[in-house]
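Please read them with the structure open.

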Protein chains: 2
Amino acid sequence: MKILILGAAGMVGRKLAERLAKDGRLGGIPIARAILHDIVMPVAPAGAPFSCECLASDFSLQGGAEKLVSSRPDVIFHLAAIVSGEAEADFEKGYRINLDGTRHLFDAVRRIGDGYNPRVVFTSSIAVFGAPFPEAIGDEFFNTPLTSYGTQKTIGELLLADYTRKGFFDGIGIRLPTICVRPGLPNKAASGFFSNICREPLAGKEAVLPVSEDVMHWHASPRAAVGFLIHAATIDGAKVGPRRNLTMPGLACTVGEQIEALRRIGGEKVVARIRRERDPIIEKIVAGWPRRFEAKRAVALGFKAEKTFDDILKVHIEDELGGVVS
Amino acid sequence: MKILILGAAGMVGRKLAERLAKDGRLGGIPIARAILHDIVMPVAPAGAPFSCECLASDFSLQGGAEKLVSSRPDVIFHLAAIVSGEAEADFEKGYRINLDGTRHLFDAVRRIGDGYNPRVVFTSSIAVFGAPFPEAIGDEFFNTPLTSYGTQKTIGELLLADYTRKGFFDGIGIRLPTICVRPGLPNKAASGFFSNICREPLAGKEAVLPVSEDVMHWHASPRAAVGFLIHAATIDGAKVGPRRNLTMPGLACTVGEQIEALRRIGGEKVVARIRRERDPIIEKIVAGWPRRFEAKRAVALGFKAEKTFDDILKVHIEDELGGVVS
């Protein structure tokens, strides 16, 4: 089996490659080769029992996607995108990478023809939804994105469904929850604080909480996200039917519940490292975000997320901190 | 006021131009000039009290859209599209005209910048919805098109909303019901029979009914469609809010109810001209179509459709038959 990962230098792409290297197989079939691609050079996972080819290029440029799929990978993970903030700041770049890039990839697969019908796993986002929302967003709620990024992801979902219907490939789109706890340095994304208030205190550092404790949001761990990708790559397409885009399960919890979990896991000394400093700009952005989903279809199809925020913290401590809280 | 109509040679485009010629104004403001465009040369409406420029070109080609908007029309009606059957048969052409063409138009407007902010009215379709449906489709039901045409129209809606949000223009997308009674010759569209069984018998000719009388569908007259376009061109955008795409009101009725109306209006001799000849292929296609909508937002915003099928038939007899039933 041959695998292609687009966006392999990103946090989720890297963890996916590491998981595949550890498993050595996908859906029970040994992996013979992986192509890892990104706009910056990805790093091959250590100890992979298959050959890894690492490539850096801009596949939104003409001909770029053709080269990537010419070896006819059996599974294509399309995680490549520029993020919400950048797509909003640079309109043309957002559409070029997130829309044209995705379409070039899909067309490159379509043009091979000749019975080639890979599984294409596309990471979409809960940004395809825009406020006002019902209290819990069901599987049939409409997509009215309020950002260019969300618009581009929705268009990717629509193309994926149509190309799949036409038999050009076998696509599954998955809408990821906010990934928490994100490893690495604090970033300036408006959603960053959900992770910052866990990761930093657990590592002995201070973090700022810019919103009130009753803000509710929809989370899954990086490990769960990788699990979604693996499951989407191996699931029976016939069971999914023509509606190929799925809201992934997650955990709805308030910031207050996050902090309580942090207290149970790390104790008072850890939660004392959270400094409350309200930021009206972030509060306003967050007020427009979805809080809770009823991801019934994905759950019925076997996608699994954490059930408690304690579990999300435990995943972080195991996977990133070697089991040790500072 | 300057007007641009794309798709001006089509049935609805032609009727829109005729109505504007008759009114001489739009939203109370006199029309100084109209540009009528299509892939084939449109005909200027008779007796227009404003100058008409008729153009034929393919605006999906590079630079085509720029020329059309360079005179900075105040209102752009974008009705141009290749139809469902052709978009399904010729995948690349469908995406080139219906997606790339629309995007080129929107980008041409965006690139003018400089405070230029025209009202753009985009005709979408109930093909943005795909079965299975609830009994009546509400304003928040999701878009899962089951055709490439429906996919392309949904993408057009998303782009319209995002470009409007970014302030590049002031867009309104309207999802037209099936237009009934369509004037002209019977065509081979799967939906053709809804009009054929009215138009042909009223003109003294036989028509074939290929489905059972309990098939329900969603209709509005050509006159109502033109009314939607005019209202969409002049409505206050602030009242519409960020959700810029609206399901138009219409009339849900069964084929049996259509025939009863035809009997009331034309008598037994007219309905006797309908020949029942079931076509399993058409029956299967029609089974996947929406039947009824709850177009609450559009009704609240003042869009108006016929309330009975008798009214739809009367519009046809007045507008197409000079008031005379054969």
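1. A:A34 stands opposite A:C52 in β5(A). Strand β5 (residues 51-56) of chain A runs parallel to β4(A), and six bridges join the two. Strands are DSSP runs of E of at least two residues, helices are runs of H or I of at least four residues, and both are numbered from the N terminus. Two strands count as paired if DSSP finds at least two bridges between them.

2. This is a predicted model, in which local features need pLDDT of at least 70 and side-chain atom pairs count only at pLDDT 80 or more, while totals for chains, interfaces and linings use all residues. Residues are numbered from 1 along each chain as its sequence is written, and chains are lettered from A and ligands numbered from 1 in the order in which they are written.

3. β4(A) also pairs with strand β1 (residues 2-6) of chain A, in parallel, through five bridges. In this pairing A:L6 stands opposite A:H37. Is strand β4 (residues 33-38) of chain A enclosed or open? Five of its six residues are buried, so β4(A) is largely enclosed by the rest of the structure. Buried here means 20 or more other C-beta atoms within 10 Å of the residue's own, with C-beta atoms placed from the backbone.

4. Chain A as a whole has 13 helices and 14 strands. Its radius of gyration is 19 Å, close to the 20 Å that the globule rule gives for 326 residues, so chain A is as compact as a globular protein of that length. The radius is taken over C-alpha atoms, and the rule is 2.2 Å times the number of residues to the power 0.38. The C-alpha trace of chain A spans about 60 × 45 × 40 Å along its principal axes. Of the 326 residues in chain A, 46% are buried.

5. In chain A, 77% of the contacts with a separation of 6 or more are between residues 24 or more positions apart. A contact requires C-beta atoms, placed from the backbone, within 7 Å.

6. Nonpolar covers Ala, Val, Leu, Ile, Met, Phe, Trp, Tyr, Cys and Pro; charged covers Asp, Glu, Lys and Arg; the others, Gly among them, are polar.

7. Between the chains, 18 residues of chain B are in contact with 17 residues of chain A. Helix α5 (residues 148-165) of chain B supplies the largest share of the chain B side, eight residues. That side divides into eight nonpolar, five polar and five charged residues.

8. How is chain B superposed on chain A? A rotation of 180° with 0.0 Å of shift along its axis does so, with RMSD 0.0 Å, which is the relation of a two-fold axis. The C-alpha of B:F142 is the nearest to the axis in chain B, 1.9 Å from it.

Methods. Buried ≥ 20, exposed ≤ 12 C-beta atoms within 10 Å, placed from the backbone. Contact = placed C-beta atoms within 7 Å. Least-squares fit on C-alpha atoms with pLDDT ≥ 70 in both.
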